[in-house]
Amino acid sequence: MLTGPVDLRGRRAPSRVLFGPHETNLGDAARGITADHVAYYAARAAGGAGIVVVEPGSVHASDHPYAYAPAAFPTASPGPAASPGSAAASGRVEMQLSGSCGSFAPAELHLGDRDGARVPAAAGWAAVVAACRPHGTLVLAGLAHAGGQGSSAHSGHPLWAPSPVPDVVSREVPVAMGAAEIGAVVRGFADAARAAVDSGVDGVEISAGQHSVLRQFCSGLTNRRDDAYGRDRTLLLREVLDAVRAAIGPDPLLALRLCVDELAPWAGITPDDGLALARAVADRVDLLVPVVGSALSIAATRPDLHTPEAFLRARCGGLRRALGGATTVVLAGSVVTPALAEDALSSGDADIVEMTRAQVADPRLVALTRAGTPERIRPCLLTNALAAARDPRNPVVGDELEPRSGHERTDPDPDPSRSAERGPDAAAGPGHRDAERGVGARRPVLVVGGGPAGLEAARTLALRGHPVTLHERTDRLGGLLPAAAVLPGRDRLALPVPWWAAELDRLGVRVVLGSEVDTAALGAARARRETVVLATGSRPSPPVVDADVPVLTAAELCAGVARSARVVVPAAAGRGVGAAEGVGDPGADRATHHVVEDVEERERHDQPEQDDDNLHGGHRNAVVAVLAAARVPRNAPVLVVDPLGDWTGSGVAELLAAAGHPVVLATPDAVAGHQLGRCGDMAAANARLERAGVRRALFTRPGVVRGGVAELVDVHTGAVTTVPCAVVVDCGPRLPQDALPALPGCAVAGDRVAPRTLAEAVREGGGPASRWPTPTARPVPRPTTRPPRCRPPPCRSPCPRMPRSRRACPPGPAEVWRRIRGPSRSRRGRWRTGRIRGPGSATPCASAAPRCATGSSSPPTSPVSPRAVCRPTGTPPTTRPAPRAAPHW
């Protein structure tokens, strides 16, 4: 069902997968839908998405929620009569002072002649339709007004809302909308919908979910009016839907994203209110997308990996059955695997499934599922590390494992076989990049390091057609990812490693585990003209705590837990993965599986009285085992030092507290995990720490630790407090692992450059490598005269197809002609013979067919190996040109 078509109001979507609306920051200062938008949506359409909903556009000039939010309302086009400093010249819309309520209100668009106005998003909508239509994908234009959850920093005018209730996040007090403002918003939705349909879209989606003035009118938390819109809080929503339908006509699709629970049981939209709302509007819409969350729970609308997949499935299924088929219901909310989506459809919990973040991670999700290879789909981690676009830094939307997301127009596709993801700007975009890359010879590549950067570099280079060998000094791939996956709620971080391993196996990458590459091996690889990529990762920083108790780094603790728990090393099944027998040793091709022994399971058999109340997959006993190895007693107090404020410190504190240890988390910041605010997990992380009983020592840094007592120094006053401490866990920054020097010409990537996040490691591993030339067999030109008779070195084995007197010259592709250029390009050059080996052959003539031995006057068109060039008899040997240095990344 998932990959099959679905009919909607006379239109057919090629699949039941919806790519939902979200902030991208792909826009520009003119607030239009840009060429980057077009390439972004075209990639998902080419990958099989049935419906694409374009980033929501503001329907009125009073709404400018973030810097690059698209504008779906008319703005002035600068004309000759406009003065340089006028609003018309700048494209802004003047807003009048509304006498009805004493507030700023663009009750009428002050543009003078409406013929001079334009909708910034209109041209972009048309371009998105043109890019998606060849794939059959339906395109809907997202329309919204953020109301009191917007920002006056961009518009310069007060926010509009049902009542003057301060926003929970910004604390800004909005203006209560009067009749003029309400009418302007209703007309704004209708006019924007009409403009979108005129641009060729298949319909529109109205936002009444998070960041929506329509939801604010429906909620008792924000609507405290005593007029008709207060007595019937659904009135404005119904007026907008009716106005939009009247504007677009009966044929286009009308979708609604509706909040059915604000997760505030004391007030606002409760589950019962949400069901009543859905029933009130079901007959007005073609698609209904139920969502949850409000200003009090913004993170709940798009939660991170701590929330289970498809967390809205039960709610969506109940609502669909309650509506009795009155409309098509879409399941949203962290649906990231085709199997789960298919199960939701087949069980009747939804008619269509929204898989937005899953398609950000892999645009080809539907196509790979349809092809019967869902295992090749790049996993979606749900970390939200690159998904929070409403950020003062204005980051472009993306995914940690897919560096091209959001950069489809400018970053080349590492797989040269895929060219479908092309927008209308392809001539100046990826195609132009392909022309710049050109073609080139196969470059043998040695990748040192099996962490994220090394794995992505090996995968990307193998996609480009280069033979790749990857060496990892440990017995497992993934670097620190398996260690990070043991933290509570972060088990999804283990998913990329088996995916990478399977991809490398599919692409024929030779993976050698337990291989320590030294400087001599690097020099030998360079002598063999191999390109070397150093992705050796990071190492711990010197300890910053003066302590007479054990001091562990967070990586040491988590890696020990990962080894003690049941962890299968994701070595690829089949060929190409083997134990090390030396760099370049053919014996290293033997396939083996490296499985870390289940120490915890063995201890469970030896100690049946041990506590079986496992935490997060059985890591309680593993934590106890790791600390016991450091001579730390069970349930001893632990000091966690967190100078960074990312997920490491709070995650380690949760892990230790769940294992029964009293934990103090020391941070120099005003709140624990202050960097988690970028992905929406800061408040939730502090709530988890509070529930776990972790004491948070704010504005402190560690002092000395003596006799089981640790000093905590206030970063402002210098005041000292003490806490009991039997072990210190340092969550501070790490340093590049540079023990292996980078020889001239070696490329470096990932934490070897500077320890940062997973996103940077993957981007550096795959980005520059995708720009390397695609290996292509160049045709060998035909000679104009008969070349001289050659006598190459003898074969390793006699060739039965030749006379004994001539068995020194093996036949067929084992000896072919190639042209040797002279020092000047104007010269015709000379012809020489080259010997190549057939694939997998033990001798040069194993797959030969008679060629040069027959006295042919023209060389074959087979590609020639540059490693085995022989010379005509009587000519002096030529020297091999020096290898070209690999590009610096």
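This is a predicted model: local features need pLDDT of at least 70, side-chain atom pairs count only at pLDDT 80 or more; totals for chains, interfaces and linings use all residues.
Is G465 buried, partly exposed or exposed? G465 is partly exposed, with a relative accessible area of 26%, where buried means under 20%, exposed over 50% and partly exposed in between, computed with a 1.4 Å probe on protein chains only.

Residues are numbered from 1 along each chain as its sequence is written, and side-chain values use heavy atoms, with hydrogens and water left out.

To place G465, it lies in the loop between α16 (452-463) and β19 (468-472); helices (H or I, at least four residues) and strands (E, at least two) are DSSP runs, numbered from the N terminus. The C-alpha atoms of G465 and P414 are separated by 9.9 Å, although the two residues are 51 apart along the chain.

Let me turn to helix α12, residues 338-346, in which P338, A341, A344 and L345 are buried. Seen down the axis of α12, these buried residues fall within an arc of 125°, so they line one face of the helix, the arc being that of the directions from the helix axis to the C-beta atoms. As background, an α-helix has 3.6 residues a turn, so residues three or four places apart point the same way. The buried residues of α12 pack against α11 (313-323), β15 (328-331), β16 (352-354) and α14 (365-370), with contact meaning heavy atoms within 4.5 Å. After α12 comes G348, whose phi is positive, near 85°.

Next, the sheet. Five strands form an open sheet in the order β23-β31-β25-β26-β27, with parallel pairing; two strands pair if DSSP finds at least two bridges between them. At the edges stand β23 (551-553) and β27 (695-697), each with a single partner strand, so one side of each is left without a neighbour in the sheet. Within the sheet, β25 (residues 638-641) and β26 (residues 663-666) run parallel and are joined by 4 bridges, and V640 stands opposite L665 in β26.

Finally, the largest nonpolar core has 119 residues, and W125, L143, I206, L237, L256 and L258 have the most contacts inside it; such a core is a set of buried Ala, Val, Leu, Ile, Met, Phe, Trp, Tyr and Cys residues joined through side-chain atoms within 4.5 Å. Helix α5 (residues 179-198) gives the most to this core, with 9 residues. A second, separate core of 34 residues includes V561, V626, V652 and V694.
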